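Here is a friendly walk through one model, from its secondary structure down to a single side chain. Have the viewer open as you read.

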Amino acid sequence: LFLPDLCFLMNACLSAFPTLAYISLFMFFLCYIFAAVGSFFFHHVNETLWGDIAISMLTLFRVATFEDWTDVMYETMEVYPLSWIFYIIFIFLTAFVFLNMMVGVVLDVMTRETAEEEHENQENHHQALVAQISELQAQVARLADKIDAQQDNKNR
């Protein structure tokens, strides 16, 4: 195969895709809920960032990717001093929990596929050893027959 490690990685990602899709869907719902809450509370603070749910989701994407998220937070903290709790909870859930879940799923799939590959290699090795042992037994049997034939010739 061409670049077997790349093929292994691609197969692992494809195997993990359904679970990753569920995690992404759950992240989307979480982001939607936070966007609705943020839009409700912060729309009068900055209409550009929190005007509606779609814009709020883009703002939360900015927060989740740590792109000047502190500017967004400090702006809302001028009106709502405890709004930092909103951002910390959102960042904790998205950046730490969900992204680590995604990494964990990919690593789990890669670990399982590595174990399956090692098991197949061990089976192939076992089959090769059994074949070699059978061949050696056949050779020993032929040698024993030759020795017996030579001994019969000497005894005559």
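## Ground rules

Helices are DSSP runs of H or I with at least four residues, strands are runs of E with at least two, and both are numbered from the N terminus. This is a predicted model, in which local features need pLDDT of at least 70, side-chain atom pairs count only at pLDDT 80 or more, and totals for chains, interfaces and linings use all residues. Residues are numbered from 1 along each chain as its sequence is written, and side-chain values use heavy atoms, leaving out hydrogens and water.

## Overall form

Along the principal axes, the C-alpha atoms fill a box of roughly 115 × 25 × 25 Å.

## A look at Phe 90

Phe 90 sits in helix H5, which covers residues 84-155. With 1% relative accessibility, Phe 90 counts as buried; the classes are buried under 20% relative accessible area, exposed over 50% and partly exposed in between, with a 1.4 Å probe and protein chains only.

Setting aside neighbours within four places in sequence, Phe 90 is in contact (heavy atoms within 4.5 Å) with Cys 31, Phe 34, Leu 60, Val 63 and Ala 64. Val 63 lies 27 residues from Phe 90 in sequence, and their C-alpha atoms are 8.4 Å apart.
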